[in-house]
Amino acid sequence: MQLMKTLLAATAIVALAAGAAQAKQLVYCSEASPAHFDPGPTTGGNDFDASSRTIYNRLVEFVPGGTDIIPGLAESWDVSEDGTEITFHLRPGTKFHTTAYFTPTRDLNADDVIFSFERQWKEDNPWYAYLDGMTWDYFQGMDMPSFIKDIRKDDDLTVTFVLNEPNAPMVANLAMDFASIMSKEYADKLEAEGNMAALSTQPIGTGPFQFVDYQLDTVIRYAAFPDYWDGKQPIDDLIFAITTDPSVRVQRLMAGECDIMPYPAPADIAMLQGDDKLTVMEQEGLNIGYMSYNVTEAPFDNVNVRKALTMAIDKKAIIEAVYQGAGQDAKNLIPPTMWSYDDAIPADVYDPEKAKQMLVDAGVTELTTDLWAMPVSRPYNPNAQRIAELIQADWAAVGVTANIVSYEWTEYRTRGKLADRKGPFQIGWTGDNGDPDNFFATLFSCSAIGVSNYSSWCNEDFEAAIQEAKTTPDQAKRAALYTKAQEIFKAEEPAMTLAHSRVFMPMSTKVLNYKMSPLGTHSFIGVDIAE
């Protein structure tokens, strides 16, 4: 029944596209529904694809297909000699979108920049908790409040970030999705009307595409913004056709019902590569699939229990069965393509007999636990349900009973953050900015507990190493500190690091100028489609 509903929705979307044959259109079969369209409090790649990478811009951007920083809404920036002030010079004449629900009366200025960050930073800001249960996972999880002392408006087109101390990854951090710049004028209008939630459902930005409408769990429509500061896009209409099942995405791509799709199942790669109507791009992913132990819950508060459970898992068998040649064993949190990777760290050993004895020695003989399985496919974890089943069988062999649980993707992540979450939790990460800090601090710092640290793990030595690395400008010294962090992480085992994956992006041969990003973003800036 669900497949039939999905195919009927697909037919409606194709009919919609055919109804406006004069315009250039691209249909992207996205893998999940967005939580909403405000990139500040969200963390999912699908959320960012639907918001920050279409509707918004940042002060600085990543070069398409890479991790180098280029100008965005700021034409240029200066860093003070002591590294504690970063001054951004805004692009004059930058327009906000004009829609049926908002008409801007002014261009982008420094007030918009300050608003975009203060709403995430200052608890007395009226926008700090404008949605029920919201958290600023990136801003808070990356401990930005401890680094930013002030954001100063020098004039309408000049804004300075004043830091408490030098911060090596700060400019790169400001190219990340959470740092998208919102319209303060639009926010003020919504606040005056008592309609603040509309900021997340009827977005206004400066980006290459403007929001048209969203049919819940089915389709998002965008139109090229004619006044975009970097020129109107080649595509007139961009359609996100939400298709959660990877096999259905493949069917639709091969049938020509969509032009491009993410996250094909590994088993389908060869078939897609053999279709002469398709192009399949690929690259090594800057990612990690892992399983967090909640170290505040017994018996997972015992490092020997965590190590035993990891030792009981046949990672090689999982990677062969699920990743099917597109994954490699992860012995560290960061991938081997990232600077500071410590290859000297030993890989996990599969030894169920020793694992069973370690559990007995720890007094754990009849453990029953939940085992969380993600409901969506990701390059770092293409089939969490199957992985959970394989882990379930491995653990049964050492006397551990695992009950597999899952929820809708947004609810899954929300429940996973709870301090009293029961059982190991499958999750993963694709780097946002090419800096190791984006893995270590974002995922396992003390300040990320309850945000993106699903292990609730706070280790003083690990924390000291990653925080010192942030303030150290010399990359070799930073790498040494991250090596120390990797050693501590491996010794403490707050999570089982499973795999790094190769990423594939299949698309119609009609799609032109698409660039894969190592950061896992799906951007359609500059993309065209042959007629």
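User: What makes β1, β10, β9 and β8 an open sheet, and how do the strands pair?

Analyst: Happy to walk through it. In this predicted model, the four strands lie in the order β1-β10-β9-β8, with mixed pairing. The edge strands, β1 (25-28) and β8 (209-215), each pair on one side only. From one strand to the next, the twist averages 20°. Strands here are DSSP runs (E, at least two residues), numbered from the N terminus.

User: How do you know that β9 and β10 pair?

Analyst: Two strands pair if DSSP finds at least two bridges between them. Strand β9 (residues 219-224) and strand β10 (residues 237-241) have five bridges, in the antiparallel sense, so they count as paired. I220 stands opposite F240 in β10.

User: And what about β8 and β9?

Analyst: β8 and β9 pair over six bridges, again in the antiparallel sense. The bridge partner of D213 is R221 in β9. Their hairpin has three residues between the strands, and D217 takes a positive phi near 65° there.

User: Why is F504 called buried?

Analyst: Buried means under 20% relative accessible area (exposed is over 50%, partly exposed in between; 1.4 Å probe, protein chains only). F504 has 12% relative accessibility, so F504 counts as buried. F504 belongs to strand β17 (residues 495-508). Leaving aside neighbours within four places in sequence, its contacts (heavy atoms within 4.5 Å) include Y263, I269, V280 and M516.

User: What does the model rest on?

Analyst: Local features need pLDDT of at least 70, and side-chain atom pairs count only at pLDDT 80 or more, while totals for chains, interfaces and linings use all residues. Residues are numbered from 1 along each chain as its sequence is written, and side-chain values use heavy atoms, leaving out hydrogens and water.

Note on methods:
Axes are lines fitted to C-alpha atoms, for helices over the stretch in contact, and angles run from 0 to 180 degrees between N-to-C directions.
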